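I opened this notebook page to record what I looked up in the structure. The entries follow in the order of my reading.

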Amino acid sequence: MLNQRGFEQQYEKDWARIEATLDSLESWRFSKKRVADNSDLPTLYAALCQQHALAQSRGYSHALTKRLHELITRAHHQLYQNRGHLLYRIIQFLGGGFARAVREQWKLLAISSALFFVTAFICGGFAAYSVDFADLFMGSKNRFALETMYDPARGSIREEGMEDDTNFYMFGFYIMNNISIDFRTFASGILFCVGTVFVLVFNGIQIGAAAGHLSAIGYNETFWGFVSGHSAPELIALCISGAAGLMLGMALIKPGRQTRRLALVRAAKKAVPIIVGAGLMTLLAAFIEAYWSSKELDLSIKISVGVLIWILHILYLCLAGRGRHHHG
Amino acid sequence: MQIAVAGPVIRGMAWLVDVIIRSIILIALLIALSSIMGSRQSDYSAMGFFLIAQFLLSWFYTTLFEAMTGSTPGKKLYGLWVVHDNATPITWSGALIRNFLRVVDNLPFIYMVGLITMLMDNRFRRLGDLAGGTLVVYRDRTTDSTSFAHNEGLPPPEWLSRDERQAVVDFAERSEQLSPERQQELAGVLSHLLDDDTDAVHTLKSWAHWILRGQTDAQSTRV
């Protein structure tokens, strides 16, 4: 059997070579330290693993096995690293990857949309029927605040004379508030769907009651004029976030023929593009809400644009990325 | 491949460092923004900008650092980093899952759910780690030297077990980093292997030298 020093001498050249290659790969992309040729890394890595095993079984010193182990770890990280052009991946994603991922979960999307919209329509109906129901759903304080905000006599739903000054502030506020709600809707699905269902139903009650009540008291122009533009991206994104949350919960409730943990890992990985896309949709909604929705235009124009945006969103989700089967 | 997973205490400290860093960024941003304030429009724009910064920091600070470098500044300070459970580098999706699920791990306050999950799991994974398939592990420290200054070889007794031989070599290799007194003390632990009247440190180093090289370099041949 070879003693340790002999072993070290025999392989020192390989180790030095692997070390230099790793140093260069770990350095910054445009650094001068980068060497052009690292094609022998896989071979060296395989040999290194064998040498490490040998050193261990022969009882060589810990310092040596530790050094080899550290090289193995570094090489492992270089070999199994993800590479790919970010820009290319983003285009792939927006051009169809997102819509495909959502369509694949159409059942859960149907469930989460039903939870939200059915609740909203029922509560809207009751709130329109009687103010008492509106108070039950949102409390009289919130109802007064809402009535003041959308009062047609005020002319604008934001404070007088402030419309354009506050645009960017509102944009920031909608980003902070609405995208955070999407992300929380997704994350809380891991509590066996309970968190997600709660967020969807709660928002359904609030939004439905507000819409029903304000329509009943005749604030159509201000309310529907304001919300029509951003309603499509915002509400669809909420339901899509809900579907992503339900994916996590369903993996735990019904894991199928795999462990719950494995089912969860797989579901979460599939949910990532969906929640990222939902976040981007809500960003779009925030932009529309801050810069378009508060504009004072004829109700018919606002409604037409709103309907057009709804149609575009549905077409995008139904059609984008169809027919092509490459994966980004 | 062996990796050492990190426990709740050190991860909590790393988290605290990150909280402090984020607070400093927000305070610095506030100071910077206050200098451009003045008119009503710039006041509102500054507030909007601050809200966006707050949103990005709360959801993407950890996500971006982990996806791009493997660890946040706080984790780096404590020698930790995040990997997938097959020890490959963390991917964007892994980083996003484990960090978005912080809101659930943080329930009802200061990561109680996360802590309980970590204590129930044999690899200290919180919910975000379980869903993302990730682990927080210790980064390997830089290698110790394998050389030590000694040129005399003595054959160790033949009844020395493999583990004991390995311990002797480890002692000799570490001796460079130890004071002479500490060397004496450690050598005392192996005193049952030695005769009473010998210089324990010297003898152990000579054995190590012999084990590593054989009696002379010329004899180091394959068997």
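This is a predicted model: local features need pLDDT of at least 70, side-chain atom pairs count only at pLDDT 80 or more; totals for chains, interfaces and linings use all residues.

Entry 1, surface patch. I looked up a nonpolar surface patch of about 510 Å², made by Leu191(A), Phe192(A), Val194(A), Met250(A), Ile253(A) and Leu107(B). Patches are made of residues with over 30% relative accessible area and no salt bridge; like charges are joined within 9 Å, and nonpolar side chains (Val, Leu, Ile, Met, Phe, Trp, Tyr) within 5 Å. Accessible areas come from the Shrake-Rupley method with a 1.4 Å probe, and for residues only the protein chains shown count as cover. I noted that Met250(A) is partly exposed, at a relative accessible area of 31% (partly exposed lies between buried, under 20%, and exposed, over 50%).

Residues are numbered from 1 along each chain as its sequence is written, chains are lettered from A and ligands numbered from 1 in the order in which they are written, and side-chain values use heavy atoms, with hydrogens and water left out.

I found 58 residues of chain B in contact (heavy atoms within 4.5 Å) with 56 residues of chain A. Met1(B), Tyr44(B) and Phe55(B) supply 11% of the area that chain B buries against chain A, more than any other three residues; buried area is the accessible area (1.4 Å probe) that two parts lose on being put together, summed over both. Between them, the two chains bury about 5100 Å², with 65% of it on carbon and sulfur atoms.

I counted one salt bridge between chain B and chain A (a side-chain nitrogen of Lys or Arg within 4 Å of a carboxyl oxygen of Asp or Glu). Asp85(B) and Arg261(A) meet through their side chains in a salt bridge at 3.4 Å, N to O.

Methods
Buried means under 20% relative accessible area, exposed over 50%, partly exposed in between (1.4 Å probe, protein chains only).
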